[in-house]
Structure formats: structure tokens, C-alpha cells
Amino acid sequence: MYGQLLKDVILMANKYEQLADILREQIRLGTYQEGDAIPTEAALQEAFQFSRHTVRQAIAVLVNEGYLRKERGSGTYVSIPMTQNQSSRKTIGIIMTYLSDYIFPSIMRGVEQTLREQGYSLLLGSTNNDHAQERACLQQMIDQGVDGLIIEPTKSNQYNPNLAYYAALKEKGIPVVMINAYYEELDLPHICVNDTKSGFLAANHLLQGGHTRLMMVTKIDDLQGKYRLKGFVKALTNAKCSFSSEDVLTYTTETKEAVIKQAVDQLIHEENQITGIVCYNDEIAQQMIQALTAAGKSVPEDISIIGNDDSPLSTLAVPTITTLTHPKKAMGQLAAQWVITGKTAETDAFYFEPDLIVRDSAINHKGV
């Protein structure tokens, strides 16, 4: 019932909060319906490898919030929180590309905490970075009469056939705030990371460490990848370091696996001179480490690798991944504040500035 991805997500919070977040999300997504019994404490202990005390704390949090009720001698059951003025409560919709893995649960924690404190309910949707699924989510939100939307754009660096939906939302006066990226065709408030700076810092760190030939593996159907590549090129240009077209490998949502093989095939070639790689994110960095290790290359001794987003994967990988910060929870909190206050001006934009986090996957190459 709980996918391996959920079990692998380790968030920077107390363990009982991690478990409470997962169970709350399962309830909201309908995995557990009102009246359903959740797994026993023993089953939850085994599924998530948490202590009995941690499981009981998580359940207590959800009982206190009204999501669960305990029946002596029977079990613990889903009880959707209700209030006397439930029908008059405002609802904020949030549409993410993904909900249950990578950095997204941390973003959701920030959104949910802020909305709950302000008395708002939350309606979730996931697009899996697919335009058709995004259209279905937008229609659902409109049909539900949401009072505002927080949206992570789907394939933000491609033409979006759903632009008319956003125009309709604007005409209805429904505030929309975009996070992580935005649609350049639309004038909507957005909260992002300075991805150009992220790409620059990553490449510059390798260049300062004596690496003279770099590769970048970046996602090109999302705007973040476009700007991270821009920063990469800027760092190389500033350092007067030349690069060729084959040093930049791009992929889309559908071609992620293929680009890993393409990169490894190039890197294990006997004429390869690349010693440093900047990856679109920590997920790609982790997969590159695994693939290169399987091909007989050592990271970072043969090839240094830098990821992005400071995800849980960056500390779980071996070696741990040098990466760039992503605000996650703070981004979610700010987006929730913006949608509550109804920011709609095209000038409403905020960019978090990234910092480099040096770990073990990249080394100084001078003198090697």
C-alpha cells in the first residue's frame, strides 16, 4: 500500500511528523476513506521502520487534528475533520507535478501548515508533468469553486495547451500563484529559486577546483533546466573555458533513462576528457553515480558530480552529493501567504537565492 518511494523519503523534520504527513496525505488523496481503519501500530512500525513511540505520536497528531479517531478495542479509523461552518470555509487548490516523492512533501508541509493556521482547507491535484492531467486538475479545481490556486507548472519550457484555463481563472478573479517555475506567456505571480545562479555556482565550483572540461545533464521541458543551463554556460564563459555541443545533454520527462545511458557511454569512452558533471537535480546526480559506478568509474576520483535541490537523496547517496539549496518549506509557506492575500500583479515575483552545499561527490581536481 505504501510505495517504496514513500518509505525512502526522509524529511528534515521529527520522525513522527514525517509519518503524520504521509498518513494525512493518504487520507486527503482518498487512499483511506472516511470510516476506513488505518493499519495497526505494528504494521506501521514495520512499513516505515519507526519505533512504536514514533507511530503513536504521529497517530496522536492526526487524532488531535480530527483526521483519525480511536475506538477502544477496535482500532483507529479515518474521520475527516469537520467544523460547524465547514461549508463556508475557503478552499485553496494546489496542483503539483508530483506529490509523494523527492522535495515535494516538504513544499506541501509549508503550504499546509500556513493554510491550516489561517483556517483554509486544501484540495490537492497531481499532473505527473502531463498536460492532459494538468487540464483535468484545473477543471476539477474550477468545478470545486476553489478560492485560490498554487500551481507548479507542467512542462513550463514548452507550449502549454491549457493557457485558456489560466485566462479563465484570471477573469474569474481567482488568485493563482506559481512555484518553482512559471509560464512565460502569462503574467502571474511566481515564487522560484534563482536557477541561473544555481547553474553558475555548480559549474564555478568545479572550475575553481581545477576541472577544465565539464558536462551538464539538464531537463529541457521545464523552465528550471533552461535557466540552470544558462548559469552553467555563464560560468564557463566567464572562465574562458570552451565547451562543445556534446558536453550538454538534455532530456525530457519521458527520456530521463535514455540520457543517463547516453552520458555514461560518452564518459567511459577512452578519449573522454570530462572530469566534472553538473546535473539538473539530485535525482539525476544519484542515478549518474550509480551508473558510472556500475561502469567501473569512481565518483569523485574519476568524475566529480554536483546535483541540485538539496533533496533527501543527496544525503542518502554514496558518496553524498554536493548540491544547491532549495527552500522547500519556506517556498510553500510564502506561496500560501501570497494566495491568501490575493496577489495578482504581474510584478509579484520572488526568487530565493541558492547556496552551494559541499559534500563528497565533487573534489578538487588540481594536480590530479
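Skip the neighbours within four places in sequence, and Ile 94 is in contact (heavy atoms within 4.5 Å) with Met 108, Val 111, Leu 122, Leu 123, Leu 124, Gly 125, Met 141 and Ile 150. A quick note on the basis: this is a predicted model, where local features need pLDDT of at least 70, side-chain atom pairs count only at pLDDT 80 or more, and totals for chains, interfaces and linings use all residues. Residues are numbered from 1 along each chain as its sequence is written, and side-chain values use heavy atoms, with hydrogens and water left out.

Ile 94 also belongs to the largest nonpolar core, a set of 26 residues in which Ile 94, Met 96, Ile 150, Ile 179 and Ile 191 touch the most other members. Such a core is made of buried Ala, Val, Leu, Ile, Met, Phe, Trp, Tyr and Cys residues joined through side-chain atoms within 4.5 Å; buried means under 20% relative accessible area, with a 1.4 Å probe and protein chains only. Elements supplying at least two residues each include strand 3 (91–96), helix 5 (104–117) and helix 13 (329–341). Helix 13 gives the most, with six residues. Helices (H or I, at least four residues) and strands (E, at least two) are DSSP runs, numbered from the N terminus.

A second, separate core has 23 residues, among them Ile 260, Cys 279, Ile 303 and Ile 305.

Four strands make an open, parallel sheet in the order 9-8-10-11, where pairing takes at least two DSSP bridges between two strands. Strand 9 (248–251) and strand 11 (304–306) are at the edges with a single partner strand each, so one side of each has no neighbour in the sheet.

Strand 8 and strand 10 (276–279) run parallel and are joined by four bridges. Here Val 217 sits opposite Cys 279 of strand 10.

## Asp 221

Asp 221 sits in the loop between strand 8 (214–219) and helix 9 (223–238). Its relative accessibility is 0%, so Asp 221 counts as buried. Contacts of Asp 221 beyond four places in sequence include Asn 129, Lys 155, Gln 158 and Tyr 251. Its side chain also makes a polar contact of 2.9 Å with the side chain of Thr 253; that term means a pair of N or O atoms within 3.5 Å, where within protein one must be able to donate a hydrogen and the other to accept it, and residues adjacent in sequence count only if both atoms are side-chain atoms.

Notes: Buried < 20%, exposed > 50% of the residue type's maximum accessible area, 1.4 Å probe, protein only.
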